Amino acid sequence: MSFSTLFFDLDATLYPSSNGLWDQIRLRIYQFMRGELGLAEDIIPATRDRYWTTYGTTLEGLRIHHQVDPDDYLAYVHDLPLDQYLEHDQALRDLLISLPQDLWIFTNADRRHADGVLNELGIADLFTGIVDLISMDFVVKPNPKAYQIALARAGEVDPKNCVLFDDLLVNLNGAKKIGFTTALVGENGIPGQADYHLPTIHAIRENMPHLWNGKDEDHNLES
Ligand SMILES: [Mg+2]
């Protein structure tokens, strides 16, 4: 069978986590919880991890337990000079353009941040659409509802026609349960945990050449 839609996570998937941007976003989240909410320093990491594990994002925990306004939070944590971390990525642009499938962004961040990142990378015009946490009504990956919303937005009936590229295994596992093919992006995962494992997003062709064939040949599974 062939794939018709490819979903791409944004942060730490379309750019390497080593560029420092993702660390800065996490620092801004910490600063928001410390400075804006006045939480004690020693409880912030555990609180953040608990919210993230329980609700899929730190924001959802802050909304439920601290009545945080999502717009305020998102503007604060993404208030970063993206051009200091990201640059035009012609190799990625050429690679994405060559793919015959429909390309979608599927991110637990908000659209404003996604637009900023995609513009810096020079690939904003290559995606049919963006599924962000607002369009998911804050019910984000890995909640099963998030994948259903993404499929509906992309006009896909069968998840078997879809691939998700993501740097987080928990998000891929949620997709796998529904029937997506999964590709773990980045150096952190252990080979075999997802259907495919790409050290960087630039390695799609080497690892998944069948995406260009229009037919799904023998999976080069690492498991
Ligand atoms: Mg990510």
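Q: Which residue is the bridge partner of isoleucine 105 in β3?
A: That's isoleucine 130. Keep in mind that this is a predicted model.

Q: And how many bridges do β2 and β3 pair over?
A: Three, in the parallel sense, with β3 covering residues 129–131.

Q: What joins β2 to β1?
A: Four bridges, and the two strands run parallel: β1 is residues 5–8 and β2 is residues 102–106. In that pairing, phenylalanine 7 stands opposite tryptophan 104.

Q: OK, zooming out. What's the strand order in the sheet?
A: β3-β2-β1-β4-β5-β6, an open sheet of six strands with parallel pairing.

Q: Why is one side of β3 and of β6 left without a neighbour?
A: Because β3 and β6 (196–198) stand at the edges, each with a single partner strand.

Q: How much are neighbouring strands turned against each other?
A: By 25° on average, ignoring direction.

Q: Switching to β4 and β5: parallel or antiparallel?
A: Parallel, with four bridges between β4 (residues 162–166) and β5 (residues 181–185). Phenylalanine 165 stands opposite alanine 183 there.

Q: Which strands does helix α8 lie across?
A: β4 and β5; α8 is residues 169–178 and runs at about 175° to β5.

Q: What about helix α7, where does that lie?
A: Across β1, β2 and β3, with residues 144–154 making up α7, which runs at about 165° to β3.

Definitions and conventions
Residues are numbered from 1 along each chain as its sequence is written. This is a predicted model: local features need pLDDT of at least 70, side-chain atom pairs count only at pLDDT 80 or more; totals for chains, interfaces and linings use all residues. Two strands pair if DSSP finds at least two bridges between them. Axes are lines fitted to C-alpha atoms, for helices over the stretch in contact, and angles run from 0 to 180 degrees between N-to-C directions. Two residues are in contact if their C-beta atoms, placed from the backbone, lie within 7 Å.
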